[in-house]
Amino acid sequence: MHQASPSLAHQFEDAAQQKEASILGMWAFLATELMFFGGALTAFVIYRSFYSVDFAEASREHMNIPLGTANTAILLCSSLTVAMGVHFAKHGERRKLILMLLATIGLAIAFLCVKATEYYLEYRHELVPGVNFRYPPPHDAQPERLTASPPHVELFFSFYFFLTGLHALHMIIGVGIFAFITFRAWRGRFTAEYYNPVEVSGLYWHFVDLVWIFLFPLLYLLH
Amino acid sequence: MSTVSYQPALEPRESYINIAYTVKSWLFTLDHKRIAILYLIAITVFFFIGGVFATLIRLELMTPEGDLVSDDTYNKLFTLHGVVMIFFFLIPSIPATMGNFVLPLMLGARDLAFPRLNLLSWYIFMIGGTLSLTAAITGGVDTGWTFYTPYSSVFSNSRVVLTVLGVFVTGFSSILTGLNFVITIHTMRAPGLTWSRLPLFVWAMYATSVIMLLGTPVVAIAVALVGAERIFHLGIFNPALGGDPVLFQHLFWFYSHPAVYIMILPAMGVISEVVTCFSRKNIFGYAFIAASSLAIAFIGFLVWGHHMFVSTQSIYGGMIFSFLSYMVAIPSAIKVFNWTATLYKGSISFHAPMLYAGGFIGLFTMGGLTGLFLAALGVDVHVHHTYFIVAHFHYIMVGGAVMAYMAAIHYWWPKITGRLYTEWLARISAVIIFLGFNLTFFPQFLLGYLGMPRRYHVYPPEFQVLNVMSTAGASILAVGYVIPLIYLTWSLWHGKAAGPNPWKATGLEWQTPSPPPTNNFEEIPVVTGPPYQYHLEEVPFAPSKSEPGAPV
């Protein structure tokens with residue numbers, strides 16, 4: 001029927017229609033994601049206002065700002081490498097595209113490692129709700145400065161693990177997507193005319209980045 | 001699956017059905033029409049499972065004593081009835097079956113924008129359904145379909161986690177279907193098919209899909225938090241640990257009220273198609289009907305608080321939500337008045353789809369008007385948690401959504417299968433359903449107004465007469481639902497060939513042979529005018545020449 005390039009799916013009339021559909025599709029999906037994180041963030045913000053003093057103490061005393069800042073920097077760099085990857089894909093520069101995609105995957109894994117370190121430290125301090133939560137932490141040097149109500153701090157940490165865990169899950173999915181995209185780029189599937197998957201997964205990655213830009217101040221910096 | 005073969009009189013022609021007969025060709029199909037059939041089979045099964053739970057509830061309520069089932073079992077019955085009917089029948093009903101089948105045809109497209117995603121959404125739906133049914137079989141769940149905390153998260157000792165996991169998973173199928181429809185409507189319209197020429201069913205599906213996209217993730221996060229709370233013993237919604245149970249209700253109803261519009265908006269779209277076709281008249285107030293679908297979707301997001309008038313919500317919050325709930329009546333009434341005006345001086349014929357459509361208009365109006373009673377703060381406090389509300393939402397859900405679903409099946413059945421069903425049987429069962437429905441649910445308005453609370457398996461003896469009437473109605477209703485199952489199945493082998501356009505309807509879906517070929521159209525049609533040109537002497541869309549023997 002269609003005498004078009006093999007990258008054109010049968011349901012589309014031409015490449016422009018296919019591109020419009022895939023990019024609009026990702027934006028619609030991101031709208032869904034926005035509501036997904038939005039629901040959880042709303043719940044967090046409500047409790048933040050209910051128990052503002054206790055949440056402030058939990059954040060001030062137990063969030064690791066250096067590691068969180070490092071992760072923010074790593075993630076912003078990965079957004080840059082993705083954007084450059086899309087740029088190179090648009091100009092058909094396959095080698096540079098693959099390089100940028102690999103850099104993105106590397107930065108994403110670095111982020112996840114830092115996050116895992118943070119989780120481990122919180123586990124060591126017995127701050128993981130449902131696993132070993134005790135407050136004030138038994139090994140704390142100056143427990144007398146910790147005056148917040150333990151259930152409220154536990155609530156903070158419930159949301160902390162829920163939100164960052166959900167974000168980390170999106171990162172892991174992103175690594176999987178980029179691994180697949182890198183493989184396809186290596187096989188030479190993308191051209192200057194057809195690089196929709198690169199652009200669309202780039203949109204997804206920027207969104208995941210943006211979620212962290214909201215999580216970082218809400219959880220780490222809001223004292 | 002080799003259900004339809006052509007009668008010898010007809011020239012054999014390749015259609016989406018006879019192109020391949022293997023099980024594999026169905027389970028790995030990317031064709032929106034085949035995926036629609038997969039959905040149709042799945043949700044029919046869910047409908048009858050939900051119906052069995054309903055039957056047991058009605059049997060228990062025949063007598064004031066709790067003699068058929070225990071109180072625990074009764075709790076599980078009404079919970080599972082709600083979960084199955086809402087999440088696994090009503091929400092996917094019209095969109096996933098009729099929408100999937102007809103939408104690309106109406107747009108003059110070869111398929112949805114993302115066929116793989118479409119198949120994926122069916123598998124996700126089946127996984128979600130299996131999870132929830134497993135929960136039902138291995139012990140059931142007794143929280144009510146609303147999963148209110150802290151009962152669901154702390155106290156209930158039934159299979160809550162598995163059930164909400166099923167609901168969570170199914171939500172993604174709904175999101176993906178909605179996404180697919182929105183993108184398809186935006187990007188896949190045939191040449192000349194401008195927004196103002198779209199069939200009203202497409203407008204309704206568009207509004208529905210937007211709700212699916214923006215509402216479903218919120219209930220997903222709400223039930224995910226319930227699951228996390230239950231598994232890790234967190235305090236997110238547990239007041240003993242500083243959590244707020246009403247917050248769950250906010251998150252839950254933020255989706256679940258708009259979900260009502262996920263069920264009713266596609267139904268309204270179907271009615272717009274059917275009423276204009278069987279009145280042989282252009283639809284009255286096209287732009288208003290289209291815009292009112294979007295208005296319902298928009299206002300629908302702002303009314304969730306009317307479920308919480310008695311749940312510690314502030315009186316000012318209650319007043320605002322009450323006012324906004326009244327606002328929904330405006331676009332709903334616009335639709336009803338426009339359908340009525342379309343009927344006025346039309347050449348009305350009472351084929352089965354039209355009988356269902358007529359039933360819809362009447363029953364939806366009653367359901368909508370009693371909705372206004374409930375939106376009024378003072379009255380709501382009186383009838384809250386009584387059978388009045390049960391009757392109200394069954395008038396919308398069963399009298400509205402299911403009636404329209406039946407109208408849709410009968411209207412598009414010839415297109416889907418290429419066969420005509422037995423018309424007189426279809427008309428009789430439409431009448432039986434209408435009568436059975438009213439006998440089942442009208443007494444429940446009275447029961448509720450007299451003060452019978454919902455969710456109890458015993459009740460004072462003075463309510464028995466009305467309850468017996470309701471149970472009698474339910475058995476009539478059950479007969480009404482079984483008859484179509486029989487004659488529709490029968491028609492697959494023995495029905496007369498339908499031809500491309502048995503109703504002489506406008507709309508691109510009638511311009512291609514029945515059943516349509518895999519690619520939908522031999523040539524992508526070009527649209528030159530608005531829809532519903534029934535007032536012109538001849539339908540502007542001539543049936544395709546490729547199929548001989550089109551019946552008169």
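Guide: Let us start with a term: a salt bridge here is a side-chain nitrogen of Lys or Arg within 4 Å of a carboxyl oxygen of Asp or Glu. This is a predicted model, in which local features need pLDDT of at least 70, side-chain atom pairs count only at pLDDT 80 or more, and totals for chains, interfaces and linings use all residues. Residues are numbered from 1 along each chain as its sequence is written, chains are lettered from A and ligands numbered from 1 in the order in which they are written, and side-chain values use heavy atoms, with hydrogens and water left out.

Visitor: How many salt bridges does a search of the whole structure find?

Guide: Side chains of opposite charge can pair when their charged atoms come close. Over all chains, the search gives 10 salt bridges. One of them joins Glu126(A) to Arg134(A), with the closest N and O atoms 3.0 Å apart.

Visitor: Is Glu126(A) buried or exposed?

Guide: Buried means under 20% relative accessible area, exposed over 50%, and partly exposed in between (1.4 Å probe, protein chains only). Glu126(A) has a relative accessible area of 14%, so Glu126(A) is buried. In another pair, Glu93(A) and Lys96(A) meet at 3.1 Å, N to O; here Glu93(A) is partly exposed at 30%, and Lys96(A) is partly exposed at 40%.

Visitor: Which helix holds Glu118(A) and Lys115(A)?

Guide: Helices (H or I, at least four residues) and strands (E, at least two) are DSSP runs, numbered from the N terminus. Glu118(A) and Lys115(A) are both in helix H4 (residues 94-124) of chain A, and because they are three residues apart, about one helical turn separates them. They form a salt bridge with closest N and O atoms 3.5 Å apart, and both residues are buried. Elsewhere in chain A, a network of salt bridges links Arg60(A), Glu61(A), Asp140(A) and Arg145(A).

Visitor: What is the area buried between chain A and chain B?

Guide: The size of an interface is often given as the accessible area lost when the parts come together. Buried area is that loss (1.4 Å probe), summed over both parts. For chain A and chain B it is about 2,900 Å², with carbon and sulfur atoms giving 74%. Gln11(A), Met35(A) and Phe36(A) supply 19% of what chain A buries against chain B, more than any other three residues. Counting contacts (heavy atoms within 4.5 Å), 35 residues of chain A and 38 residues of chain B take part.

Visitor: Which residues form the salt bridge between the chains?

Guide: The rule finds one salt bridge across this interface, and it pairs Glu13(A) with Arg110(B), the closest N and O atoms being 3.9 Å apart. On the side of chain A that touches chain B, helices H1 (15-50) and H5 (150-186) each supply at least two residues. H1(A) gives the most, with 18 residues.

Visitor: Where is Thr170(B), and what does Thr170(B) touch?

Guide: Thr170(B) lies in helix H6 (residues 160-187) of chain B. With a relative accessible area of 6%, Thr170(B) is buried. Not counting residues up to four places away in sequence, Thr170(B) touches Phe87(B), Phe88(B), Phe125(B), Gly128(B) and Gly129(B).

Technical notes:
Buried area is the accessible area (1.4 Å probe) that two parts lose on being put together, summed over both.
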